[in-house]
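Open the model in your viewer and keep the selection panel at hand. The stops below go from the whole chain to single residues.

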Amino acid sequence: MTLSMPIPVALQTRSLFISAGHSMTDPGAVGNGLNEADIVLDFRDRLYEFLADRIVLARDGKPGINLPLRQACEMAKRHDIAVEFHCNAAESSSATGTETLSAPSDDEFGDQLCTAIADTLNISNRGDKGEGDGQHSRLAFIRAGGVIVELFFITNSRDLAAYHEHLDALVGAVGRVLISRVCVSDHEAAAA
Ligand SMILES: [Zn+2]
């Protein structure tokens with residue numbers, strides 16, 4: 001038995017902010033009897049709990065509270081990495097899958113998030129889209145340096161069922177992508 005100190009697996013080098021889309025007064029999209037704001041607020045809090053054991057991060061409100069977009073954008077500007085969660089919606093109930101909206105510099109990060117979500121939920125991977133694909137309110141968050149994640153389509157009952165079935169796994173999968181984005185591995189740290 002040796003007395004050596006445990007070797008840290010990763011070192012956090014960037015600050016992280018996670019945000020729930022919409023707010024306490026803006027429910028966002030509605031589908032299958034649920035509203036988007038309730039889903040993404042619950043997701044943000046679960047993700048926060050997962051991450052808070054491992055890294056330092058901030059969120060747009062205390063548990064169960066979802067601050068308005070304007071405040072979320074102000075917080076996003078103060079962090080290196082900012083991610084806001086939404087649900088997609090479409091008139092066609094067959095529209096499916098996950099996608100991200102980001103500035104070009106976050107293309108690869110967006111694709112990593114999409115792959116983690118699509119693989120965990122077994123829904124289609126729509127990939128990272130340019131900021132031009134977003135609605136006006138989403139552009140504000142991207143221009144504040146953030147990435148928008150459309151987890152799945154709230155209007156698709158199969159997407160929704162997959163989300164509820166694999167929620168714990170999804171929190172872990174998204175959480176691991178975020179950890180890798182804000183930390184360097186011990187290998188990278190040693191090389192620096
Ligand atoms: Zn939304």
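Residues 24 or more positions apart account for 76% of the contacts in the protein with a separation of 6 or more; two residues are in contact if their C-beta atoms, placed from the backbone, lie within 7 Å. This is a predicted model, in which local features need pLDDT of at least 70 and side-chain atom pairs count only at pLDDT 80 or more, while totals for chains, interfaces and linings use all residues. Residues are numbered from 1 along each chain as its sequence is written.

Colour by secondary structure: the protein has seven helices and 10 strands, taken as DSSP runs (helices H or I, at least four residues; strands E, at least two) numbered from the N terminus.

Select the open sheet of six strands, ordered β5-β2-β6-β9-β7-β8 with mixed pairing; two strands pair if DSSP finds at least two bridges between them. Its edge strands, β5 (58–59) and β8 (125–130), each pair on one side only. Helix α1 (residues 36–52) packs on this sheet, touching β2 (16–20), β5, β6 (81–88) and β9 (146–153).

Next, show β7 (residues 98–102), which runs parallel to β8 and is joined to it by five bridges. Opposite S102 is G130 in β8.

Now select V40, C87, I117, F141 and L151, which touch the most other members of the 43-residue largest nonpolar core. Such a core is a set of buried Ala, Val, Leu, Ile, Met, Phe, Trp, Tyr and Cys residues joined through C-beta atoms within 7 Å, buried meaning that 20 or more other C-beta atoms lie within 10 Å of a residue's own. Helix α1 supplies the largest share, seven residues.

Finish at I117: beyond its neighbours within four places in sequence, I117 contacts T98, L151, L170, A173 and V174.

How values were computed:
Axes are lines fitted to C-alpha atoms, for helices over the stretch in contact, and angles run from 0 to 180 degrees between N-to-C directions. A residue is buried if 20 or more other C-beta atoms lie within 10 Å of its own, exposed if 12 or fewer, and partly exposed in between; C-beta atoms are placed from the backbone.
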